[in-house]
Amino acid sequence: QNFLIGTVPESFGESTSLADFRIGRNMLYDDIPPKLCKNPQVNDGATKVYGCDGVACKAGTIAEGGHATPDKPCEPCPPGESNFYLGSQKCETFTDKDILTMLYEVLDGKEWPKNMKYEADVPFCEWPGIECNGQAEMTSFELPMIHTELAAD
């Protein structure tokens with residue numbers, strides 16, 4: 001719960017003193033360094049049985065504490081639910097709007113031209129590039145192409 005964002009550094013796999021490694025409730029993604037997955041000291045030896053899951057459950061899976069324990073593996077999220085980060089302790093249902101909003105934020109949508117912005121108070125089916133059916137379900141989307149001019153040296 002340290003507000004960490006990014007990936008687990010490879011150098012963590014080199015540690016000989018790392019034992020209690022709890023990364024849940026952060027925004028860490030990508031694979032766990034392979035050497036860390038083989039460290040038998042991590043999380044009470046959970047890596048001996050579960051490998052990388054003993055360090056942190058991968059995206060789309062959960063466990064209490066965010067990692068497999070010697071007696072309880074990481075479990076897949078129920079159908080229709082998921083999560084995005086390593087060490088998640090819960091699964092969620094994401095709507096089309098949730099996913100589009102995440103894309104907008106990741107792609108720095110606030111910097112898009114005004115006619116391409118996703119406005120929170122506008123129904124998402126009316127956002128630029130989004131097409132929906134009569135039940136307000138997204139049927140297709142097209143991300144705006146943003147062209148920037150490179151400054152001359």
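**Exercise 1: the neighbours of Asn 26**

Find out which residues Asn 26 touches in this predicted model, leaving out residues up to four places away in sequence.

*Solution.*
Step 1. Look around Asn 26 and you'll find Gln 1, Asn 2, Phe 3, Leu 4 and Tyr 85 touching it.
Step 2. Take one of them, Asn 2: along the chain, Asn 2 and Asn 26 are 24 residues apart, yet their C-alpha atoms sit 6.4 Å from each other.
Step 3. Now place Asn 26 itself: you'll spot it in the loop between β1 (5–6) and β2 (27–28).

**Exercise 2: the side chain of Asn 26**

Work out which backbone atoms lie 2.9 Å and 3.0 Å from a polar atom of the Asn 26 side chain, then decide whether Asn 26 is buried or exposed.

*Solution.*
Step 1. At 2.9 Å you meet the backbone nitrogen of Leu 4.
Step 2. At 3.0 Å it's the backbone oxygen of Ile 23.
Step 3. Asn 26 has a relative accessible area of 6%. Buried means under 20%, so Asn 26 is buried.

**Exercise 3: two residues with positive phi**

Compare Asn 43 and Asp 108: what is phi for each, which loop holds each, and is each buried or partly exposed?

*Solution.*
Step 1. Neither is a glycine, but phi is positive: about 50° for Asn 43 and near 55° for Asp 108.
Step 2. Asn 43 sits in the loop between α1 (34–37) and α2 (46–50), while Asp 108 is in the loop between α3 (96–106) and β5 (130–132).
Step 3. Asn 43 has 2% relative accessibility, so it counts as buried. Asp 108, with a relative accessible area of 43%, is partly exposed.

Definitions and conventions: Residues are numbered from 1 along each chain as its sequence is written. This is a predicted model: local features need pLDDT of at least 70, side-chain atom pairs count only at pLDDT 80 or more; totals for chains, interfaces and linings use all residues. Side-chain values use heavy atoms; hydrogens and water are left out. Helices (H or I, at least four residues) and strands (E, at least two) are DSSP runs, numbered from the N terminus. Buried means under 20% relative accessible area, exposed over 50%, partly exposed in between (1.4 Å probe, protein chains only). Contact means heavy atoms within 4.5 Å. A polar contact is a pair of N or O atoms within 3.5 Å; within protein, one must be able to donate a hydrogen and the other to accept it, and residues adjacent in sequence count only if both atoms are side-chain atoms.
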